[in-house]
Amino acid sequence: MMASSYSAKEEDGHHSGAPGPGGVNAKSRKPDNTAFKQQRLPAWQPILTAGTVLPAFFIIGLLFIPIGIGLYVTSNNIKEYEIDYTGVDMSSPCFNCSQNYSWNSTKPCTCSVAFSLDQPFESNVFMYYGLSNYYQNHRRYVKSRDDSQLNGNLNSLKDPSKECEPYRTNDGLPIAPCGAIANSLFNDTLELYYNDPNGTKIPIRLVKTGIAWWTDKHVKFRNPVGDGSNLSAVFQGTTKPVNWQKYVYQLDTDPDNNGFINEDLIVWMRTAALPTFRKLYRIIEKQGDATPTLPRGNYTLLITYNYPVRSFEGRKRMILSTISWMGGKNPFLGIAYITVGSVCFFLGVVLLIIHHKYGSRSNNADIAS
Amino acid sequence: MKFSFNIFLSFFRFKESKWMNIHVGDVIRLKKNDFIPADILLLSSSNPNSLCYVETAELDGETNLKFKMGLKVTDEKLQEESQLASFDALIECEEPNNRLDKFTGVMKWKDEFYPLDLDNMLLRGCKIRNTDECHGLVIFAGSDTKIMRNGGKTRFKRTKIDELMNYMVYTIFVLLFLVSAGLAIGNSFWYEEIGKRAWYLSDGLQQSASYRGFLSFWGYIIVLNTMVPISLYVSVEVIRLGQSKFINWDLQMYYPEKDTPAKARTTTLNEQLGQIEYIFTDKTGTLTQNIMAFKKCTIGGQIYGDSVGPLKNSRPVDFSWNKYADGKFQFFDHSLISHIQSKNDLEVFEFFKLLSLCHTVMVDQNDKDLVYQAASPDEGALVTAARNFGFVFLSRTQDTITVSEMGSVATYQMLALLDFNSDRKRMSIILRFPNGKIRLYCKGADTVIYERLHPSSQNKETTQTALETFANETLRTLCLCYKDISNEEYETWSKKHKAASISMSNREEALDEVSELIEKNLVLIGATAIEDKLQDGVPETIAKLAKADIKIWVLTGDKKETAENIGYSCDLLTDDMKIHYGDDVNVKLQNRQADNIGTDGRQGKAKEPFFPEPGKNALIITGGWLNEILYEKKKKRRRLRLRKLRKKTSSNNSMDGQLMNEMEKEQRQKDFVDMACECSAVICCRVTPKQKANVVSLVKKYKKAITLSIGDGANDVNMIKTADIGVGISGQEGMQAVMSSDYAFAQFRYLQRLLLVHGRWSYIRMCKFLRYFFFKNFAFTLVHFWYSFFSGYSAQIAYENWFITLYNVCYSSLPVLLVGLLDQDVSDKLSVRFPKLYLPGQKGLLFNYKNFFTSLFHGIFTSMIIFFIPYGAFLQTMGQDGEAPSDYQSFAVVTASSLIFIVNLQISLETSYWTFVNCFAVLGSIAIYFGIMFDIHSAGIHVIFTSAFTFTGVASNALRQPYLWLTIILTMAISLLPVICVEFLYKTIWPSEGDKIQRNKKKYEKEEEEVRKPTAFQRGRRSRRSAYAFSHSQGYADLIASGRSIRRKPVRKPIPESIREVPQAENI
């Protein structure tokens, strides 16, 4: 076979500026002269200079210190009372109850703790129960629930999610509500009595609704809708969680606070972030302008002790607290703000000195091109 | 093994075909100016005796033409197409190899054997010149060709940062495993202590604590895997692609004359451009334009030609009176032409007469236009100059030269032609004038000419001064002289010459000796000065790059003199440098080696410099010396010498000889590189493509430096492939270099912008990007780590699942990507103006393990703040409406929000070039975060996908509490203020070059706008060096003398066998 050479230029597909085979005015390959392509986009080029950094530090310092003081003062004005009723000590009133632990005991164990408030609690008082060393944030615990079931889905009611194992079924019946969270629902009953100086114990009215988020109560948690209006009929074919003494439709008599939308259940199902936590239990509403919600004096906390925590060295607490715009009592943020503000101010001064020492020198130093 | 093949013919006509279709055994026809597509055995050509001229600049960088010859038998019998079609021969030859200077083979045709050597071969990469047509037989095609064999392996190139990045990812993996293992152990202990007694956690499975720990280990591997930046690789590639596009789009690297924009052919190496330490550059076509121009001359002590380049206002001399004048020739000194036209200055006449007579140029008459075919562009330039000034070389035969002298045609009889070679550095021609007078014309290097001048020769001093001036302007000089010879003197010499030319042994030396006899007592006429035109802006570019501490080595296949001359003209070499040549270097290296062997071969003691004397040094070394020095291909001699050495030193050296050899070779290479790096300029000349690549890899190996090679020809391919970054000069005819390069542009001067602007920006951007990227992933992921201490080491995540999924994609990637694409600390103008800004890149200061660990600690610090501030604020408190915000979901939202604010503000701090896109990206990221969060926390989505979106209402419930906002603000303040403080301190106390320039940016930019006066690159000092550099090896003297190249010969004489050996085309 014979072959003669072909033009090297065409071989390489290179036209060296000459128009293509048929083209008369081949398009120039000159790049576009746009600001973007030439990397000349208009831009602001801030640099950290003394003129910007130092005022920033002073201003932050000046802003943070008042905020911190405000937070601190607010936090200090909040009244809070906390008692531990776990019953660890022999002397503690609930010691006996804490020792005899059985899920199935039909006779509830009760104990009462007496305490006194030195200062009256104004406005609404919030009553919390607190647990310590309780890992509600454990991964397997957190996911052991079926949101679909809690949302009232009938299929999930009868066939709960696998995540609920091993609290999914009992004796062949699906558990409602399923999962480890629901199974370990806090079931102590706390009652509060005011010891009138004349010797009578006046029960204090504890409001048990309004303690859960609106979205939880109305969106996330819904009772399944069955044929009848009776909740027990809807939950027919399901069983109660292993550790529960009642069925879910027996949690309360009020139909708006029964079943899945029982607020105690909802609050419990909103798992805590840390192993020491508190959950809202009841609200003590202000009665009138004349008297404080909880006047100074002696009180008795009556506990129906059902919830065992001694086995894992947990603690149970009851907390009474008023709240402010910033929430509950916590001096941490206030102190932190004051500290950061002061450090900023101090740093501002230090940087100012350093700037005076070095800044002028490096400013004048010229750079050889 | 031998390759043998038959010629395969099936068709009887030539047809056009593509290179890819060329096979071994094809007979192909090449036309003038074609690139040779394969290694071809030259069969016949349209020139007499099947002579074929080739330009080998692509192959070896030499600018002179070489000639190749077909075998006598093929020349005679294979001229016609039909003859070629019936050509059947068996060729046995060497197997494919990379030796460009060697070829052996045998052709068996019609029962006769013909030896083949390199003179019969047309090598791929060369170009056919001055030959209308030639026919050849393909011996090696494709990748078997010698030039391709020289090309070296195509490596997969990676950047240093890539490597570093990989190691860092390994480090992160190790860290991930360690942390996971630690937490898994924690989980085991926790289970033993608390977990197994917590009835509420009971899962009904009888698993031991250690097994649970093991499961938790894998759980943490999954949870913490975001620490390993998977998306980093994708993002890095995106950024590099962007940088490459910016290079392609750069108008300032666009060469309008050839319509060639710069092209980044790879998109993976950009940031490496900001770290170059060594540049290896080719000379021909890269530094120079490969155009010679007759710039100046001195005749009889009088200098003609302008002092400083062609000024804008001066108009070139009008040569229209001369019908032979070449339109492209320009000369700006009008006095010379008036001298000629006045016809009263005999020396000027003599000068141009010499130029028109004493050369080996051949002439073609195309349409009444003279076309000169010169062996070198230098010689072409000289003859063209003479032609324009009225001394037109018209034609030559075997022994006559016809010229037109100011219109009158005269024919001279050529008695002898004593050609150039690298030792003689001169050529002479002995002519019998029409009036019977015999005269010798000689041109050559000033050094050799001055030795041979007649003591009474005039103008020696003035010419010497002129030569110095020329040398200062880095023009290439040649001295011209003549000598009248009496008939008797000629006769006696002629006999000796004849005797020498037929002597059997050492003919070359004998001829040289005879030439010496006649070339003496010369009379000086003057000197010429030729400019080897540099590409625009080469000296400025080299000066700038040198200021950026980039070392530039010139590696060229061209000759020492030309390379040295270019070294001077592009300011690589300066007069205050001490230049060391090969022998000097070899001695020094041998001394060093002897020292080492004296100390038992150990190199423990600190290296003293090779050049203890103060002052700058330069190295000029040829390929031959390079082989010698580096023990390449000198195995036998080396072994011999080694034996001697070993005997001399010690007999108890029990080391294995081979090992010793290797060690010694390595030591020698290391010494050589060390020595070369002490020099401020290194020029390697007459090096093969392979050697070029070797030099590059030596530097890479022993200096661990990042190298860049730039070249334009096929001979640079290997070097371009070997270096970390290869740059090809595009817009020229050959595409070999461009095809194997990583970046291509049209002019050497664009290198400055590529490195100092694009490279630097790319490096800074990439480093900023990587530092931030690692930081942002650490800050993000390690919150899980802190949280695990409070969640029973159960691999519980600290954020919502969806947030983890979207964090790297939507919430944090765009701003940093834009920084990686657009950030500029200083403008391009200032980058070029202050080459010192390039230094941090070379030292790798902006991204290394130190930066990595800084990022790591910064990330750890930030994640701690993000976790512990909410921790402190939340633990025991409750919300505004009495509901505890200490629930897991609110906590997750607060940490996530803090994180988003912190990482986006952090990138804002790092952004030094705020365009509207950056603003948009930062604000957009935050907005998208809140937008998406409120959506997936909405009631509607929970109703539709109940199990997938379980954070219903968290965002609205949590974020309406001022307390949580105060927490977020505090988190931001604590994590960002220290950064600002530290950065400010660094900028105040230890400002970097870049910081200073940034600070004074306004001032510099104002200066930049003022018109800067052009800087003339003129050396003030006078030099005493010879500026002789003729890119001309042995010319065509033999051809001319033998008459083989002369057309239209009456009789085609059989060529004596002896002559064929003479024209050694000097291939490297």
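1. B:Lys157 forms a salt bridge with B:Asp742, with 2.7 Å between the closest N and O atoms; a salt bridge here is a side-chain nitrogen of Lys or Arg within 4 Å of a carboxyl oxygen of Asp or Glu. B:Lys157 lies in the loop between helix H4 (146–150) and H5 of chain B, and B:Asp742 in the loop between helix H23 (736–739) and strand E31 (743–745) of chain B, so the pair ties together parts 585 residues apart in sequence. B:Lys157 is buried at 11% relative accessibility, and B:Asp742 is buried at 5%. Buried means under 20% relative accessible area (1.4 Å probe, protein chains only). Helices (H or I, at least four residues) and strands (E, at least two) are DSSP runs, numbered from the N terminus.

2. The model is predicted: local features need pLDDT of at least 70 and side-chain atom pairs count only at pLDDT 80 or more, while totals for chains, interfaces and linings use all residues. Residues are numbered from 1 along each chain as its sequence is written, chains are lettered from A and ligands numbered from 1 in the order in which they are written, and side-chain values use heavy atoms, leaving out hydrogens and water.

3. A further salt bridge joins B:Asp716 and B:Lys692 (2.7 Å, N to O). B:Asp716 is buried with a relative accessible area of 0%, and B:Lys692 is buried with 1%.

4. B:Arg753 and B:Asp828 also meet in a salt bridge (3.3 Å, N to O). B:Arg753 belongs to helix H24 of chain B and B:Asp828 to helix H27 (residues 828–833) of chain B, so the pair ties together parts 75 residues apart in sequence. Both B:Arg753 and B:Asp828 are buried. Elsewhere, B:Arg424, B:Arg426, B:Glu451, B:Arg452, B:Glu516 and B:Glu519 are joined into one network by salt bridges that share partners. Over all chains, the count is 48 salt bridges.

5. At the interface, 115 residues of chain A are in contact (heavy atoms within 4.5 Å) with 134 residues of chain B. The count between chain A and chain B is two salt bridges, one of which pairs B:Arg197 with A:Glu313 (3.4 Å, N to O). H11(A) supplies 15 residues, the largest share of the side of chain A that touches chain B.

6. Among the buried residues of H6(B) are B:Arg212, B:Phe217 and B:Tyr220. The cover over the buried residues of H6(B) includes H4 of chain A, together with helix H5 (160–193) and helix H24 (750–788) of chain B.

7. Chain A has 11 helices and 10 strands, and 48% of its 369 residues count as buried.

Notes: Buried means under 20% relative accessible area, exposed over 50%, partly exposed in between (1.4 Å probe, protein chains only).
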